[in-house]
Amino acid sequence: MTLRKLLVPALVALLFQSTAQAEITIGVSLPLTGPASGLGIPCNNGLALWPKSIGGETLRVIVLDDASDPTVGVKNARRFVSEDKVDLIVGSAATPVALAMSDVAAQARTVQLAASPIVTAPGKDEWSFRLAQSNAVMAIPVVAHMKKHGVKTVGFLGYSDTYGESWLNDFTKEAKAAGIKVIGAERFARTDTSVTAQALKLTSANPDAILIAASGSGAAMPHKAVIDRGYRGKIYQTHSAASRDLMRVGGKDVEGAFVVSGPATVADQLPDGNPSKKFGVDYIARYEKIHGAGSRNQFAAHMYDAALLLEKAVPAALKKARPGTPEFRAALKEALENGGVTPVSQGIIHYTPQDHWGFTKETGLIMKVVNGDWKVEQ
């Protein structure tokens with residue numbers, strides 16, 4: 001037997017062994033504890049909807065708690081890139097944490113899929129993509145609904161961090177163009193247990209509507225505060241409040257609240273022609289089979305959508321490089337940027353090299369709390 005005949009089978013065996021052992025490592029950092037846990041826990045539950053493999057490669061998923069703390073989020077991200085050698089970072093669901101993590105993603109040249117609407121400095125999001133809709137996109141249906149219902153003046157009550165300030169800026173621009181005036185803006189910290197003074201100040205100005213920019217169960221506290229001050233105007237909540245925690249904590253005080261959301265939470269109420277309906281209905285069926293009827297939420301849907309994006313991008317990236325290499329991480333980024341239009345449960349995503357937000361302006365819709373449930377506003 002010649003040397004060639006001896007070596008070829010051995011090389012084939014080594015190649016097969018290398019291929020079989022390849023896996024795609026994903027580091028997930030979520031606020032499983034702390035003020036933003038109402039967002040992180042459902043995201044973590046949504047990971048159960050991920051496939052075990054994509055493109056023939058096994059997914060190895062490492063989940064860490066960032067405790068809603070940017071410092072911990074950065075520590076998690078550094079561990080992901082230095083110790084775990086991840087191919088991809090997912091998270092956080094808390095905006096301040098995800099924003100801090102984006103610096104690590106950029107330094108390590110590793111794609112980050114943020115489950116929150118992070119606003120980076122210009123040119124700082126080269127490796128960061130958002131799974132959540134931008135505040136600017138979601139302000140569009142909020143202002144349209146206000147205009148339709150005769151709202152002329154608005155009071156703002158939101159977080160004193162990047163999420164709250166981004167919402168105030170984007171909403172104010174959209175509202176001004178529609179002839180709606182913001183007549184008061186009050187802030188509070190995520191850890192505050194009372195906003196009585198801010199609520200009193202806003203309700204005293206008697207705006208036609210109040211917009212609350214907070215998240216999860218934390219969005220119920222300011223809502224109850226303005227109701228307790230006797231406010232009877234329209235109250236709007238942002239997409240970070242689109243969970244049942246709002247109703248669980250807010251009770252009857254949040255009846256009639258208007259909440260902007262992606263399509264996933266109410267996919268079964270959408271017309272058949274909506275491009276997100278089939279994905280949203282599938283998400284709801286699979287998620288509620290695991291977590292119970294009525295457990296659907298905005299945040300787990302982001303994880304469902306992450307899997308849809310990866311099922312499209314990973315096979316394209318695998319044509320150029322193997323997982324665990326800088327070349328694969330770069331190929332994954334390129335595949336996301338050039339994947340074209342991708343319908344998901346939360347709308348339609350179209351990332352480009354210049355746009356890592358993705359969601360189109362038609363994404364958002366307004367839900368109303370009716371008898372402790374969501375109803376789509378027409």
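Tutor: A crossing is left-handed if the near helix is turned anticlockwise from the far one by less than a right angle, and right-handed if clockwise. The model is predicted: local features need pLDDT of at least 70, side-chain atom pairs count only at pLDDT 80 or more, and totals for chains, interfaces and linings use all residues. Residues are numbered from 1 along each chain as its sequence is written, and side-chain values use heavy atoms, with hydrogens and water left out.

Student: Which crossing does α3 make with α4?
Tutor: α3 passes α4 in a right-handed crossing. Helices are DSSP runs of H or I with at least four residues, strands are runs of E with at least two, and both are numbered from the N terminus.

Student: What makes α3 roughly parallel to α4?
Tutor: Helix α3 (residues 70–82) and helix α4 (residues 95–108) pack at an angle of about 30 degrees, with their axes 8 Å apart. Axes are lines fitted to C-alpha atoms, for helices over the stretch in contact, and angles run from 0 to 180 degrees between N-to-C directions. Angles under 35 degrees count as roughly parallel, over 145 as roughly antiparallel, 65 to 115 as roughly perpendicular and the rest as oblique. The pair α3 and α4 is therefore roughly parallel.

Student: Which residues of α3 make the contact?
Tutor: Contact means heavy atoms within 4.5 Å. On α3 the residues are P70, G73, V74, A77, R78 and V81, and they meet α4 residues including M101 and V104.

Student: Why is S134 called buried?
Tutor: Buried means under 20% relative accessible area, exposed over 50%, and partly exposed in between (1.4 Å probe, protein chains only). S134 has 10%, and is therefore buried. This residue is found in the loop between β6 (128–130) and α5 (135–148). Leaving aside residues up to four places away in sequence, S134 touches P117, H239 and W357.

Student: Why is P51 called partly exposed?
Tutor: The relative accessible area of P51 is 24%, so the residue is partly exposed. P51 lies in the loop between α2 (37–46) and β2 (53–54). Beyond four places in sequence, P51 touches L59, A307 and E311.

Student: How do you know that β9 and β10 pair?
Tutor: Two strands pair if DSSP finds at least two bridges between them. Four bridges join β9 (residues 209–213) to β10 (residues 234–237), and the two run parallel. Within this pair, I210 stands opposite I235 in β10.
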